[in-house]
Amino acid sequence: MLVSGGTVITMDAHRRVIKNGAVRIRDNRIEQVGKADELRKSGGADVQIDADGMVIIPGLIDTHVHLAQALIRGCADDTELIGWLQKFVWPLQGNFDARDGKASAELCMLEMIKSGTTTFLESLLHSRYGFDGIANSLQESGMRGVLSKTVMGLPSYGGKESIMHPGMIEDAQTTLRDVEAHFKRWNGAANDRIKVWYGARSLGGCTPELFSQIATEARKLGTGITMHLSEVKEDVKYTQENFGMMPAEFMKKLGFVGPNVVFVHGVWLTEKEWAILAEKGATLAHCPSSNMKIASGIAPIPEMIRAGVNVSLGCDGGPSNNCYDMIREMKTASLLQKARLLDPLVMDAETVLEMATIRGAKALGLQDEIGSIEVGKKADLALVSMNKPHLTPVHNPVSHLVYAAEGSDVDTVIVDGKLVMEKRIVKTLDEELVLQEANERGGKLLERTGIVISPKWPPA
Ligand SMILES: [Zn+2]
């Protein structure tokens, strides 16, 4: 396959941007990157993709996704985290069955593909969502993804005990065994597009012993762990009152923190804790829209990056963001820090694009495989059309991508050398069918749960 004619933002070590560039793909890997004229001369191709007027970027990497929340978008607005979980999100998800899980996952993947995301890290799959159904959908979607199965032992959040909906409760030993079984069945499947990780439930959801056990078992399998950490002040209160430590110190003491760990949010982490993440090579997935919408706080991201932490980007979920569009998220990530620090220099477009690509790849331990357009890497690309009023003229494509573009400007998506979307037509999932199924299942789920979404302005 030869993709030629656009501007290639390589994200390679030199951060080369190639005008009138081209990418040649053989099987699932990038074979050549360079000027279009030269690559065209060096041979033909079975598939020619004309990228004239487009920017060719590495496929975006969303390092914090809840697949099962696409179906409940808009069902928990204007509420803080614990009330948001207790009154809306847990009762709704606690009523999911495997068909809801599949419908929500496909809806979410469709949205990600259509906004240029090629790889995602799902953080907490409970058994009732149907792991196998979701893994099958991931295989079919053509995307690359990490599926983390929830491991938990307590129905609590921080010090707030027994607040979880009964439908969400699972026990420690079963959940640990589940991850192992899913790992054996799915890790490396679909030409290595699928990975299986441990999804540790938040602080208060696991005993200290269980956190240690997760860390040990993940090391044994050679796989990763993801976990929400210091998202809200309750996390800090919980570890301080019960263990006399800050959350990241507590996790370090349990032998949990390492390069295979992606912590999420980190809003209330302190300088001492940034040093722990940096020293241990752990990643922090930053989710600015979610933090703003649930009013969790603002994570001091430029300070963490300066402290040496690998920071990636995530959209989080349907009721917290409320969309899975990494291009919009990049803009939010940048503007939030500028406003917080009253300094336009603290978070430039280049840094944010790194968080959404190469630093996301590092988060997943896939920095040698994806995250940049380089010879030998897997061919995961997104072509963004600049032929739009809000993107014309193109003086600086990186600026346009972060500050002016939106997900719907993505025209074509390639994952593992295969066309997943061409000219906005998704070639893997059946878009119409996915939307229809989501509408039906979403309606029935609300009926079953008994939650009524009453808009503040009554419909006439
Ligand atoms: Zn989350």
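In which loop is Arg15 found? In this predicted model, Arg15 is found in the loop between strand S2 (7-9) and strand S3 (17-18).

**Positive phi angles**

- Arg15 is not a glycine, yet its phi is positive, at about 55 degrees.
- The relative accessible area of Arg15 is 36%, so this residue counts as partly exposed, a class that lies between the limits of 20% and 50%.
- Asn191, also not a glycine, has a positive phi of about 55 degrees.
- Asn191 is placed in helix H6 (residues 189-192).

**Cis peptide bonds**

- The bond from Asn321 to Asn322 is a cis peptide bond, its omega being near 5 degrees.
- Asn322 lies in the loop between strand S15 (310-313) and helix H13 (326-341).
- Thr392 and Pro393 are joined by a cis peptide bond with an omega of about -10 degrees.
- Pro393 belongs to the loop between strand S16 (381-385) and helix H16 (397-404).

**Zinc site**

- Four residues coordinate the zinc ion at 2.1 to 2.5 Å: His64, His66 and His228, each through NE2, and Asp316 through OD.
- Along the chain, the donors of the zinc ion are spaced as H-x1-H-x161-H-x87-D.
- The angles among the four donor atoms run from 86 to 171 degrees, and the site of the zinc ion is irregular.
- Of the coordinating residues, His64 and His66 are both buried.

Definitions and conventions: Residues numbered from 1 in each chain as written. Predicted model: local features only at pLDDT ≥ 70, side-chain atom pairs only at ≥ 80, totals over all residues. Heavy atoms only, no water. Helix = DSSP H or I, 4+ residues; strand = E, 2+ residues; numbered from the N terminus. Buried < 20%, exposed > 50% of the residue type's maximum accessible area, 1.4 Å probe, protein only. Donors = N, O, S within 2.8 Å, 3.2 Å for Na, K, Ca; no water. Tetrahedral: all angles 85-135°; square planar, octahedral: opposite > 155°, others 65-115°.
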